Amino acid sequence: MKTVAAFTLGFGAGMVCLAVVLWNTGSIVTHAQVVRTVPETIQFKQLPLPSAPAPAPAPAPAPPARDRASLGMPIAGVNPSTLKSNFSEARGGHTHEALDIMAPRGTPVLAVAEGNVVKLFTSKQGGLTVYQFDNSATWCYYYAHLDRYAPALKEGTLLRKGDVLGYVGSTGDASPHAPHLHFAVFQLGPEKHWWQGTAIDPLPLLR
Ligand SMILES: [Zn+2]
């Protein structure tokens, strides 16, 4: 009898200890939570599909580059509708890939967008030129045949849209009797080289 009594006492104490441990570790609480979440899950899955609202049509993707649609005119007062694209014209064995805008010598040339002057370069064909990147370095704007640069223009100068960067001329291979701005837009490659890019017709970007 003594043995049975001791066993019963020990078993009872053990059960009390187990209950206390379970309560303190939260096992009992966790169990209650699991039981409670199951009906919610089932209820959610039972929502009738036909009454669910049809997904809204995806909005049209944003234009790939803001700057493409918002270029300013590089020559003040020129109505773009009076310009004719000469992007695809053949010029001495190569495609022109730019827009010529005729203007009197000395007419101010304006930055078409905000961005830094990356290179001031003189070449046989382009004469006095400016290479400007847009702020995202996606596009390079090229202004050629300039008569001279704006005072204090340097590589690294941040131009705002509409800032004067130079003046129309006929440097390079332009006829001295037909001063004009040769304006080009290049999409830059991952290397961001001012001398490398894919030319696109500037005229639609000015309209
Ligand atoms: Zn040209």
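A residue counts as partly exposed when its relative accessible area falls between the buried limit, under 20%, and the exposed one, over 50%. Glu97 has a relative accessible area of 37%, so it is partly exposed. Keep in mind that this is a predicted model.

Glu97 sits in the loop between β2 (94-95) and β3 (99-102). Its backbone deserves a look too: phi of Glu97 is near 55°, a positive value in a residue that isn't glycine.

## The zinc site

Three protein residues donate to the zinc ion: His96 through NE2, Asp100 through OD and His182 through ND1, at 2.0 to 2.1 Å. Along the chain, these donors are spaced as H-x3-D-x81-H. His96 and Asp100 are both buried.

## Another positive phi

His145 also has a positive phi, near 65°, and again this is not a glycine. You'll find His145 in strand β7, which covers residues 139-149. Is His145 buried or exposed? With a relative accessible area of 5%, under the 20% limit, His145 is buried.

The average pLDDT for the protein is 81, and 67% of the residues reach at least 70. Residues 16-22 stay under 50, and the model gives that stretch two contacts beyond four places in sequence. Residues 25-45 are below 50 as well, with three contacts beyond near neighbours in sequence.

How values were computed: Residues are numbered from 1 along each chain as its sequence is written. This is a predicted model: local features need pLDDT of at least 70, side-chain atom pairs count only at pLDDT 80 or more; totals for chains, interfaces and linings use all residues. Side-chain values use heavy atoms; hydrogens and water are left out. Donors are N, O and S atoms within 2.8 Å of the metal (3.2 Å for Na, K and Ca); water is not among the atoms, so sites may look incomplete. Buried means under 20% relative accessible area, exposed over 50%, partly exposed in between (1.4 Å probe, protein chains only). Helices (H or I, at least four residues) and strands (E, at least two) are DSSP runs, numbered from the N terminus. pLDDT is the predictor's confidence in each residue, from 0 to 100. Contact means heavy atoms within 4.5 Å.
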